[in-house]
Amino acid sequence: SGINAEYGENKKITFSGKNAQNNTEYVLDLDLFGEIIKEKYKMLATDRSVQLCLTRVEEGEYWPRLLETKTKCHFLRTDFDKWKDEDETDDEDESANWENMMNNMNIGGTELGSEDEVAD
């Protein structure tokens, strides 16, 4: 699927990808409300969605929103099935869940562009 989402400096996630049908390239920058732990950043991309797992640097109260801007982004939503409450800190379960999800989708490691395309 050729989708890339990288966490860079200054609380920014940059998405990039190419539409397979018309070869149009897309780029989107999102400025997060706060810092995340880069080593715990995880991404899972499918044909229909991109899922990110973000772990905040600072513990404590929830961020009031995901992004720095107060503008609502129609293309973002929280998956509350994977939501972690403030008092839940089981990192091993979280890593195991992501590994299991990636294995079930036949995605190994972080290299998402190496999958073979299957024609319908």
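Biologist: What makes the contact between K11 and E68 a salt bridge?

Modeller: A salt bridge is defined as a side-chain nitrogen of Lys or Arg within 4 Å of a carboxyl oxygen of Asp or Glu, and the side chains of K11 and E68 meet at 3.2 Å, N to O, so the pair falls within that cut-off. The pair links distant parts of the chain, 57 residues apart, with K11 in the loop between β1 (4–7) and β2 (12–18) and E68 in the loop between β5 and α1. This is a predicted model, in which local features need pLDDT of at least 70 and side-chain atom pairs count only at pLDDT 80 or more, while totals for chains, interfaces and linings use all residues. Residues are numbered from 1 along each chain as its sequence is written, and side-chain values use heavy atoms, with hydrogens and water left out.

Biologist: Why are K11 and E68 called partly exposed?

Modeller: Buried means under 20% relative accessible area and exposed means over 50%, with partly exposed in between (1.4 Å probe, protein chains only). K11 has a relative accessibility of 22% and therefore counts as partly exposed, and E68, with a relative accessible area of 38%, is partly exposed as well.

Biologist: How many salt bridges does the structure hold, and which residue forms one with D31?

Modeller: The structure holds 2 salt bridges, and D31 forms one with K12, the closest N and O atoms being 3.4 Å apart. Because D31 lies in strand β3 (residues 25–31) and K12 in strand β2, the pair ties together parts that are 19 residues apart in sequence. D31 counts as partly exposed at 36% relative accessibility, and K12 counts as partly exposed at 27%.

Biologist: How do you know which elements are strands and which are helices?

Modeller: Both are DSSP runs, numbered from the N terminus: helices are runs of H or I of at least four residues, and strands are runs of E of at least two. There are 1 helix and 5 strands in the protein, and read along the sequence they follow the pattern β-β-β-β-β-α.

Biologist: What makes β1 and β2 a pair?

Modeller: Two strands pair if DSSP finds at least two bridges between them, and β1 and β2 pair in the antiparallel sense over 4 bridges. Among the bridge partners in β2 are S16 for N4 and F15 for A5. The two strands form a hairpin with 4 residues between them, and N10 in the turn has a positive phi of about 60°.

Biologist: What makes Y62, F80 and W83 a patch?

Modeller: Patches are made of residues with over 30% relative accessible area and no salt bridge, where like charges are joined within 9 Å and nonpolar side chains (Val, Leu, Ile, Met, Phe, Trp, Tyr) within 5 Å. Y62 has a relative accessible area of 36% and is partly exposed; Y62, F80 and W83 form a nonpolar patch on the surface with about 350 Å² of accessible area together, areas that come from the Shrake-Rupley method with a 1.4 Å probe, where for residues only the protein chains shown count as cover. Y62 is placed in the loop between β5 (50–53) and α1 (91–104).
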